[in-house]
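Good morning, and thank you for coming.

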Amino acid sequence: MPEGHTIHRLAADHAEWFGGRAVRASSPQGKFSDGAALVDGQVLSSAEAHGKHLFLGFGGVGWIHIHLGLFGKYAVGAGTAPPPTETIRLRLVADGYADLRGPTTCALITDPEKQAIHDRLGPDPLRPVDDGEKAWARVSRSRTTIAALLMDQKVIAGVGNVYRAEVLFRHGVDPYRPGRDVSRREWDAMWADLAVLMREGVRLNRIDTVRDEHTPEAMGRPPRVDDHGGEVYVYRRAHLPCHVCGAEIRTEALAARNLFWCPGCQPA
Ligand SMILES: [Zn+2]
């Protein structure tokens, strides 16, 4: 599943390609034909992300709410769109095009319905209006592990498996530590770090989390080879030596997702 930086990047891209322009909307697959017909010819007035949710605003018509889920994918491009295929749920066309396939959600919603989605999501490190306070209120009272809390979109929105593993490593926090045993200082540092790392993720469209002294160039090691791209400390590095202390990176399933951590740098 894409992490929040991907959705914020999509929002920025939509604003750039379609913002302020009348767009052609269609649903070659047919499942969003009614919504697309209402939006067709309208001007895209706003594109926003909150966690893994994308909202495309069309003035009085409302918002298209998109959640990619596990299988949703976007294909975007400049110039003329290729001939439509019947897997495209939503196609937007202006100067370029954006084709959405296989999302969990693609629905036309009203302002109050959009607000209800914001209300049930935790703060998002990439939203300028959000801060870590609301998340801290939940984390500091919880017996749940910090690793599970970081993935709970009601606690903090947009963090996925990669940022979760990496931010815990960068702050030396054992993933199994209960939320209420995380200090205020540690939480504030992790929130601030997530904001920086995820902003870099939006800019570069990939996740890089290693500090300057641990890059392949600085360490004289080969770059990581992984379809997720980017240089990381622990994510998908099970049984490899830690870049910092040399201990073997561990992995275990937690809440159906694989957790990765270094027992040397993140002691229990
Ligand atoms: Zn280590």
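Is His214 buried or exposed? At a relative accessibility of 12%, His214 counts as buried, because buried means under 20% relative accessible area, exposed over 50%, and partly exposed in between, with a 1.4 Å probe and protein chains only.

Before I continue, two remarks on the source. This is a predicted model, in which local features need pLDDT of at least 70 and side-chain atom pairs count only at pLDDT 80 or more, while totals for chains, interfaces and linings use all residues. Residues are numbered from 1 along each chain as its sequence is written, and side-chain values use heavy atoms, with hydrogens and water left out.

Let us stay with His214. This residue lies in the loop between H7 and H8; helices (H or I, at least four residues) and strands (E, at least two) are DSSP runs, numbered from the N terminus. If we leave aside neighbours within four places in sequence, His214 is in contact with Met219, Arg221, Tyr233, His243 and Val244, where contact means heavy atoms within 4.5 Å. His214 and Leu10, in turn, are 204 residues apart in sequence and 30 Å apart in space, C-alpha to C-alpha.

Helix H8 covers residues 216–219, and Pro216 lies in it. Pro216 is buried, with a relative accessible area of 8%. Which residues does Pro216 touch, leaving aside its neighbours within four places in sequence? They are Arg221, Pro222, Pro223 and Glu231. Pro216 and Glu231 are 15 residues apart along the chain, and 8.3 Å separates their C-alpha atoms.

Beyond H8, in the loop between H8 and E9, we find Arg236 and also His239. Their backbone angles deserve attention. Most residues other than glycine have a negative phi. Arg236, however, has a positive phi of about 55° although it is not a glycine. For His239 phi is near 75°, again a positive value in a residue other than glycine. As to accessibility, Arg236 is partly exposed at 39%, whereas His239 is exposed at 57%.

I turn now to the metal site. Which residues are the protein donors of the zinc ion? They are Cys242, Cys245, Cys262 and Cys265, each through its SG atom, at 2.3 to 2.4 Å from the ion. Donors here are N, O and S atoms within 2.8 Å of the metal (3.2 Å for Na, K and Ca), and water is not among the atoms, so sites may look incomplete. Along the chain, the donors follow the spacing C-x2-C-x16-C-x2-C. Why is the arrangement called tetrahedral? The four donor atoms subtend angles of 97 to 118° around the zinc ion, and therefore the arrangement is tetrahedral; four donors count as such if all angles lie between 85 and 135 degrees.

Next, the helices. H6 is mostly covered, as ten of its ten residues are buried. These buried residues pack against helix H1 (4–18), H5, H7, strand E9 (250–254) and strand E10 (257–261). After H6 comes Gly172, whose phi is positive, near 65°.

How do H6 and H7 pack? H6 (residues 161–170) and H7 (residues 184–204) meet at an angle of about 130°, with their axes 10 Å apart. Axes are lines fitted to C-alpha atoms, for helices over the stretch in contact, and angles run from 0 to 180 degrees between N-to-C directions. The two helices are therefore oblique to each other: angles under 35 degrees count as roughly parallel, over 145 as roughly antiparallel, 65 to 115 as roughly perpendicular, and the rest as oblique. On the H6 side, the contact is made by Tyr163, Val167, Leu168 and Arg170; the H7 side includes Met190, Asp193 and Leu194.

H7 also meets H1. The axes of H1 and H7 come within 8 Å and cross at roughly 50°, which makes H1 oblique to H7. Gly4, His5, His8 and Arg9 of H1 make this contact with Met198, Gly201, Val202, Arg203 and Leu204 of H7.

Finally, one more loop. Ser142 is found between helix H4 (133–139) and helix H5 (146–151). Ser142 is buried at 12% relative accessible area, and its contacts, leaving aside neighbours within four places in sequence, are Leu149, Pro178, Gly179 and Arg180. Thank you for your attention.

Note on methods: Four donors count as tetrahedral if all angles lie between 85 and 135 degrees; four count as square planar and six as octahedral if opposite donors are over 155 degrees apart and all others between 65 and 115; anything else is irregular.
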